[in-house]
Amino acid sequence: MNIAIVGAGLMGRLLALSLLRGKQSENVTITLFDKDKKLAHNSAAYAAAGLLTPLGESLHCEPNIVSMGFESLRLWPALLDSLDEYTLFQQTGAIVVSHEQDKGDYQRFVRHLNNNYPEHKLHTLDRAQLLELEPEIGRSFNQGLYLPQEGQIGNRRLLIALRKQLEKEGESSNGVNSLNWLSECEVLAIENTELISKVSYQQCGINCSQSFDLVIDCRGTGASNKNSHRACAPLSDLRSVRGELFQLFAPEVNISRPIRLMHPRYQLYIAPKGKGFYVVGATEIESDDDSPMTVRSAMELLSAAYSVHPGFAEANIRQHVSQCRPAFSDNQPKITQKGSLIQVNGLFRHGFLIAPVVLKQVLALANNRINNSIDDLPYNNYLCTEQPQEEVI
Amino acid sequence: MMSLNIYGQQLDSRLLIGSALYPSPQVMKQAILASGSQVVTLSLKRQNPAEQAGQQIWRYLQEIVTEVNGHLLPNTAGCKTAKETVTLAKMSREIFQTDWIKLEVIGDDYNLQPDPIELLNAAEQLINDGFKVLPYCTDDLVLCQRLYDLGCQVIMPWASPIGTGKGLMNPYNLETIRLRLPDATLILDAGIGKPSDACLAMEMGYDGVLLNSAVALADNPVLMAKAFGQALQAGEQGYVAGIMPQRQTAHPSTPTLDTPFWHQP
């Protein structure tokens, strides 16, 4: 079985590894196409904070994303344990705080959680309790909210760990690799029929094409109408949402868990990544502009960080990142199958939050194709998965 | 009911609605449709308009206004000087092929209060350039008068600062503006929190209401949009019907013949 995966971001890597490890893996050869280098610096997953905070996101997403988030929190540890390289996974809760001026937004958030997610634990903290949990931010705020089930993941470390694992497991003992990773290789066209799909691509200036039994397209914004011409199976309704974030090195700051700061326009967070590194993000702008961060965004993000902990004043700005996230108009992920082509896209700002659930759903779809079976998909209650209708005779 | 007149364009709905802060574009679309509004404002300052980087969402909004037979109203949110406001307005005229512009020049970052001096300056330049200017301003009578004298047929004083939801902070000022500028199209803009705020503005004789956060930040934006549409209609009908004058003492609606005269008011 010849399988192509187009796009080697988070989903592409997870899918490639899972298919290499599947029951039918001896019969499976995978070609992984990606426009980017293997370091994936242009992927949305690289420009993320890896927050696994379903309730923290809940104000701006539908309940199914929250459910997928909790399910993914349950699935991540086993996935990470199967990798040789260490990836940070933390589930020690997250804290939500607000400045006095934004108290209205904070109260709206608490009301939203109480009304819509009463089954989940949340603890309101007074100053003393806040000091006990996070001694260094307790000084700045009189109250906060503790969401004990929330967590985070080392997003960049995971991309690296997946790369190394794929390189290792993609090599075969008999000299024939079961994984062929074509990086810096742009896909020009995907022609799909019921039985096979043809992928045309350009590598080192040379145009080539190859047929596959199954193509899984997980290109993110690369699959939008703008970035992908008609022959490339573009997804209409897919748009880009610009996000900007900082990586700071602040050895003087000791924050142990993700902090979310209420803000009238964005969802601001500070995610401690260990050894003095913090990610501060993120703006959300309806734009497909991926040019460097603007001064205004920089000031908003940095002043937010500084207002949470004055120790950030002496932090080094290690990196500023801006990248576009792929989203459909309902901000929901979508999986579609047309014959031998499966497309998965629209993970928006929820890539790491929901990736394991999306992975299992796509894998089930792919396995049905590989095994010629029609097994039920595991997460039809959470995810919109469009499959070809069986003809009724 | 009469239609709303914006620079000669007749619109059935008196509600103008913003396009920011919704949970998703789809929810925004449903809310706009539920509100009945035919004028949708949008901000382009942060979307790198020189590169037209907001094309996707702009196209989405264009489709919505086409569906409701309405108009896009680009705004200059985020601008702080007349110069940058004029530049952005010209860019938006090119992008959206409309000479309507909601003029917003912010003078204070903390409460996003408009800068009256830069606003007048920008309004004058844009009117001379053929724009149909809808200025967002404070509830200062003299400022509104000056904007009207410049040629702004539509004036949009605030109810309270943007996004606060505090409602009509100074009804006296707003009523005075209505009384003194009877021929201007007056739209109450910013600070609306609940449907009754919008209703109150319409009862005062305002021609319309512009809002965004009150709908976008509601627990159920679509239902709230519908509520606002109905509140505006109620207020407008109340104004047209003629509101009874207030009295100091109670007057029984039914004569109480069996009450001794010394007990009657």
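Here is a short chat about this model, part by part.

User: Before we start, what kind of model is this, and which residues count?

Analyst: This is a predicted model: local features need pLDDT of at least 70, side-chain atom pairs count only at pLDDT 80 or more, and totals for chains, interfaces and linings use all residues. Residues are numbered from 1 along each chain as its sequence is written, while chains are lettered from A and ligands numbered from 1 in the order in which they are written.

User: OK, chain A. What domains is it divided into?

Analyst: Domain 1 of chain A covers 2–45 + 157–238 + 330–386. Domain 2 of chain A covers 94–148 + 239–327. The bounds come from an automatic or database domain assignment.

User: How many Å separate their centres?

Analyst: The centres of domain 1 and domain 2 of chain A are separated by 32 Å, taken over C-alpha atoms.

User: And how many residues are in contact there?

Analyst: In chain A, 12 residues of domain 1 are in contact with 10 residues of domain 2. Contact here is defined by C-beta atoms, placed from the backbone, that lie within 7 Å. On the domain 1 side, 4 residues are nonpolar, 6 polar and 2 charged. As for those classes, Ala, Val, Leu, Ile, Met, Phe, Trp, Tyr, Cys and Pro count as nonpolar, Asp, Glu, Lys and Arg as charged, and the others, Gly among them, as polar.

User: Where does A:Ser43 lie?

Analyst: A:Ser43 lies in the loop between strand 2 (29–33) and strand 3 of chain A. Helices (H or I, at least four residues) and strands (E, at least two) are DSSP runs, numbered from the N terminus.

User: Is A:Ser43 buried or exposed?

Analyst: A:Ser43 counts as buried because it has 26 C-beta neighbours inside 10 Å. The cut-offs: buried needs 20 or more other C-beta atoms within 10 Å of the residue's own, exposed means 12 or fewer, and partly exposed is in between, with C-beta atoms placed from the backbone.

User: Which residues does A:Ser43 touch?

Analyst: A:Ser43 touches A:Gly9 and A:Asp36, not counting residues up to four places away in sequence.

User: Sheets next. In what order do the 3 strands of the open sheet in chain A come?

Analyst: The order is 3-8-4, and the pairing is antiparallel. Strand 3 (51–52) and strand 4 (89–90) of chain A are the edge strands, each pairing on one side only. Two strands pair if DSSP finds at least two bridges between them. Strand 3 and strand 8 (residues 151–153) of chain A are joined by 2 bridges. There, A:Leu51 has A:Gln152 as its bridge partner.

User: What holds paired strands together in general?

Analyst: Strands of a sheet pair through backbone hydrogen bonds, either parallel or antiparallel.

User: Switching to chain B. How many residues of strand 4 are buried?

Analyst: In strand 4 (residues 39–43) of chain B, 5 of its 5 residues are buried. B:Val39, B:Thr41 and B:Ser43 point one way, and B:Val40 and B:Leu42 the other way.

User: What does strand 4 of chain B pair with?

Analyst: Strand 3 (residues 15–18) of chain B pairs with strand 4 in the parallel sense over 3 bridges. B:Ile17 stands opposite B:Val40. Strand 5 (residues 71–75) of chain B also pairs with strand 4 in the parallel sense, over 5 bridges. Here B:Val39 stands opposite B:His71.

User: How does the chain cross from strand 4 to strand 5 of chain B?

Analyst: The path goes through helix 2 (residues 55–67) of chain B, and this β-α-β crossover is right-handed. Right-handed means that, with the strands pointing away from the viewer, the path from the first strand over the helix to the second runs clockwise. Strand 3, helix 1 (residues 25–35) and strand 4 of chain B also make a right-handed β-α-β unit.

User: Where does UniProt place the "binding site"?

Analyst: An unreviewed UniProt entry places it at B:Gly163, B:Ala190, B:Gly191, B:Asn212 and B:Ser213. They are spread over 51 residues of sequence, yet cluster in space: the largest C-alpha distance is 9.1 Å. UniProt positions use the numbering used here, feature names are shortened, and annotations may be inferred rather than shown by experiment.

User: What does B:Gly163 touch?

Analyst: B:Gly163 touches A:Pro264 and B:Ser213, not counting residues up to four places away in sequence. B:Gly163 counts as buried because it has 22 C-beta neighbours inside 10 Å.

User: Last one: how many residues of chain B are in contact with chain A?

Analyst: 17 residues of chain B are in contact with 16 residues of chain A. Helix 2 of chain B gives the largest share of the chain B side, 4 residues.

Methods:
Contact = placed C-beta atoms within 7 Å.
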